[in-house]
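Keep the sequence at hand.

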Amino acid sequence: MAKLIKRLPMLPAERALKVISGRWKAVILYHLFDRPRRLSALQALMPGITHKVLIQQLREMEEHGLVRREIFAEIPSRVEYSATRLGLSLEPILLALCQWGQHHADELNEMDRLADCIIRPRQARDAHAV
């Protein structure tokens, strides 16, 4: 793996949180769990994110080994982003965080203010595709 530009914390839990922290990282990963996507497709799936922030979040995730950027030698050039094996390993963790967030909202009687979880187990998505 390439050297990391920013030093990560030594405590494993703190390291994990540092790597996945960011307003959009979980959402970006969710959209890459299924298949590689172009930058414009990611932008269309997340209308609330600015182009600058999307690029920044993708670069950080690439630096931390969660996302791979592939440049195709075409004219015009095409760039696709995909989740790496390490990035895909976060799927059950993001699902657990989503479920915990629902539990937290339920405990505080705020379920009516909560959006639906977008992280779904791969098996459930695959079953719906059949």
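A cavity is a set of points, on a 1 Å grid over the protein atoms alone, where a 1.4 Å probe fits but cannot get out. Grid points are joined across faces, edges and corners, and a volume is the space filled by probe spheres set on the points. The model is predicted: local features need pLDDT of at least 70, side-chain atom pairs count only at pLDDT 80 or more, and totals for chains, interfaces and linings use all residues. Residues are numbered from 1 along each chain as its sequence is written, and side-chain values use heavy atoms, with hydrogens and water left out.

Start with the overall layout. The protein has seven helices and three strands. Helices (H or I, at least four residues) and strands (E, at least two) are DSSP runs, numbered from the N terminus. Their order from the N terminus is α-α-β-α-α-β-β-α-α-α. Of the 130 residues, 34% count as buried, where buried means under 20% relative accessible area with a 1.4 Å probe and protein chains only. Contact means heavy atoms within 4.5 Å. Among contacts with a separation of 6 or more, 52% join residues 24 or more positions apart.

The largest cavity holds about 30 Å³ of space. Its lining residues, those with an atom within 4 Å of a point, are Pro-36, Arg-68, Arg-69, Glu-70, Glu-80, Tyr-81 and Ser-82. Strand E2 (67-72) and strand E3 (78-83) each supply at least two of the lining residues.

Next, the core. A nonpolar core is a set of buried Ala, Val, Leu, Ile, Met, Phe, Trp, Tyr and Cys residues joined through side-chain atoms within 4.5 Å. The largest one has 21 residues, and Ile-28, Leu-29, Met-46, Leu-58 and Val-67 have the most contacts inside it. Helix H1 (12-20), helix H2 (25-34), helix H4 (51-63) and E3 each supply at least two residues of this core. H2 gives the largest share, five residues. Look at Val-67: leaving aside neighbours within four places in sequence, its contacts include Leu-29, Leu-58, Tyr-81 and Thr-84.

Finish with Gln-57, which lies in helix H4. Why does Gln-57 count as buried? Because its relative accessibility is 7%. A polar atom of the Gln-57 side chain lies 3.4 Å from the backbone nitrogen of Lys-25. Beyond neighbours within four places in sequence, Gln-57 is in contact with Gly-22, Arg-23, Trp-24, Lys-25 and Ile-28.

Technical notes. On a 1 Å grid over the protein atoms alone, a cavity is a set of points where a 1.4 Å probe fits but cannot get out, and a pocket is an open set with protein on both sides within 12 Å along at least five of seven lines; lining residues have an atom within 4 Å of a point. Buried means under 20% relative accessible area, exposed over 50%, partly exposed in between (1.4 Å probe, protein chains only). A polar contact is a pair of N or O atoms within 3.5 Å; within protein, one must be able to donate a hydrogen and the other to accept it, and residues adjacent in sequence count only if both atoms are side-chain atoms.
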